[in-house]
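Subject: A structure for you to look at

Hello! Here is the structure I promised to hand over, with some notes to read beside it. Please open it first and keep it on screen as you go.

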Amino acid sequence: MRIALVLGAGGTVGMAYHVGVLRALSQESGIDPTKCDLIVGTSAGSVIGAYLRSGLPLEEMWEQAFGENNTPAPKSTSNGAAVSKIFAPSFHNPLELVQHLVGSAFVLARSAVRVPLPSIPKFLRHAFPGGMFSLGEGRQRLEHDLPDQWPEKDLWLCAVDIVSGHRVVIGRDKRDRNFSLLSAVMASCAIPGVYPPIKYGNQILVDGGVHSTTNMDLALAGRCDLVICVAPMAFDTEDHSLVSLKKIVRRPPAITLAHELAQVRQSGATVLLFRPNRDEVEKHGFNMMRRVGLDDVASLAFNTTIEKLKTERFAKALDAVGR
């Protein structure tokens, strides 16, 4: 039996949600997330997927979610320093601000209107760079934590090429492994207009969430029998008590997820879907990139997942695949 683990987008809050869900899953279901045959990661999910494939234990991720200031504590870099920002401005004067505003607006437009266009000349990309911020602490941590070589087991990280307008699945083709794991994760996390795109060959890559916050349909290409999907940016559509602006904001990811879910189930695969309920959506709030309160997000996700796994539906699904 082939098992796919699909890890969706969701910023720092989504990463905490992932950790809570996966820790509960590993303790209660008999399924080890690190040993899944295929991991599909999008944006924040690409970070968690890369860490799982690189051997970082779930318990260590759990402990980091309760670190100083309620955010994963940065590891020391080679010079003993740790950058304290995940939004470090990419500009240093008014001229650079204007240049980055123009470049970022273009990247946003190309991400929204995904039709093939000629590649932008190199001198224009340098004159008007996309992205108002650099990842700062996040990049420094990834550089320290991730190995240079691509993992042996399947890890597919999703991005979007703003030149062709197409989704790019880094790692599905063995030739993609010439692209460093760090660069692949950075590309999958390159929120258009916020962080700079990542260039790979003739492709200019941005956050895979532009195509879908989950990209669960890729489990079909992986020919998996069981699909475990963690979708921090969607919501539990069966929970009708959720009536707020947060539900409206989450509706597009939820609709896309519903289409992907139908596709995967039509293939005959069993799906275990984890998405926030009303209490979790309220706990997540609007700022999915914040640095505080992540311990509460992880704890609630852990407890909620434990309860879900005890329900008849989840128990039957796990029994059907011979847990």
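Let's begin with Thr213, which touches Gly8, Ala9, Thr42, Met233 and Pro253, leaving aside residues up to four places away in sequence. You will find Thr213 in the loop between S8 and H8. Is Thr213 buried or exposed? With a relative accessible area of 13%, Thr213 is buried, because the cut-off for that word is under 20%. Please keep in mind that this is a predicted model.

Now for the chain as a whole. The protein chain has 12 helices and 10 strands. Of its 323 residues, 52% are buried. If you take the contacts between residues at least 6 apart in sequence, 77% of them join residues at least 24 apart.

Helix packing

Two packed helices are described by the angle between their axes and the distance between the axes.

An α-helix has 3.6 residues a turn, so residues three or four places apart point the same way.

H1 has another partner, helix H11 (residues 294–309). The axes of H1 and H11 are 7 Å apart, and the two helices pack at an angle of about 35 degrees. Here too H1 passes in a right-handed crossing, this time with H11. From H1, the contact uses Thr12, Val13, Ala16, Tyr17, Gly20, Val21, Arg23, Ala24, Leu25, Gln27 and Glu28. From H11, it uses Leu294, Val297, Ala298, Ala301, Phe302, Thr305, Ile306, Lys308 and Leu309. By class, the contact of H1 with H11 has 13 nonpolar, 4 polar and 3 charged residues.

Covered helices

How many of the residues of H2 are buried? The count is 10 of 10, and H2 is mostly covered. Among the buried residues of H2 are Ser46, Gly49, Ala50, Tyr51 and Arg53. Just after H2, look for Gly55, which takes a positive phi of about 95 degrees.

Helix H7 (residues 181–188) is another one to look at. In H7, 7 of the 8 residues are buried, so H7 is largely enclosed by the rest of the structure. The buried residues in H7 are Leu181, Leu182, Ala184, Val185, Met186, Ala187 and Ser188.

Salt bridges

How many salt bridges are there? The count comes to 9, and here are some to look for.

Asp217 forms a salt bridge with Arg167, and their closest N and O atoms are 2.9 Å apart. This pair links distant parts of the chain, 50 residues apart: Asp217 is in the loop between strand S8 (203–207) and helix H8 (218–221), while Arg167 is in strand S6 (residues 167–170). Asp217 counts as buried at 19% relative accessibility, whereas Arg167, with a relative accessible area of 22%, is partly exposed.

The side chains of Arg275 and Asp236 also meet in a salt bridge, at 3.6 Å from N to O. Arg275 lies in the loop between strand S10 (270–274) and helix H10 (278–284), and Asp236 in the loop between strand S9 (226–230) and helix H9 (245–266), so the pair ties together parts that are 39 residues apart in sequence. Both Arg275 and Asp236 are buried.

Then there is the salt bridge between the side chains of Asp173 and Arg175, at 2.7 Å from N to O. Asp173 is partly exposed, with a relative accessible area of 29%, and Arg175 counts as exposed at 62% relative accessibility.

One last pair

Please also find Ala109, in helix H4 (residues 94–112). Ala109 is partly exposed, with a relative accessible area of 41%. Ala109 and Gly193 are 84 residues apart in sequence, and their C-alpha atoms are 9.2 Å apart in space.

Enjoy exploring!

Best wishes

How values were computed. Residues are numbered from 1 along each chain as its sequence is written. This is a predicted model: local features need pLDDT of at least 70, side-chain atom pairs count only at pLDDT 80 or more; totals for chains, interfaces and linings use all residues. Side-chain values use heavy atoms; hydrogens and water are left out. Buried means under 20% relative accessible area, exposed over 50%, partly exposed in between (1.4 Å probe, protein chains only). Helices (H or I, at least four residues) and strands (E, at least two) are DSSP runs, numbered from the N terminus. A salt bridge is a side-chain nitrogen of Lys or Arg within 4 Å of a carboxyl oxygen of Asp or Glu. Axes are lines fitted to C-alpha atoms, for helices over the stretch in contact, and angles run from 0 to 180 degrees between N-to-C directions. A crossing is left-handed if the near helix is turned anticlockwise from the far one by less than a right angle, and right-handed if clockwise. Contact means heavy atoms within 4.5 Å. Ala, Val, Leu, Ile, Met, Phe, Trp, Tyr, Cys and Pro count as nonpolar, Asp, Glu, Lys and Arg as charged, and the others, Gly among them, as polar.
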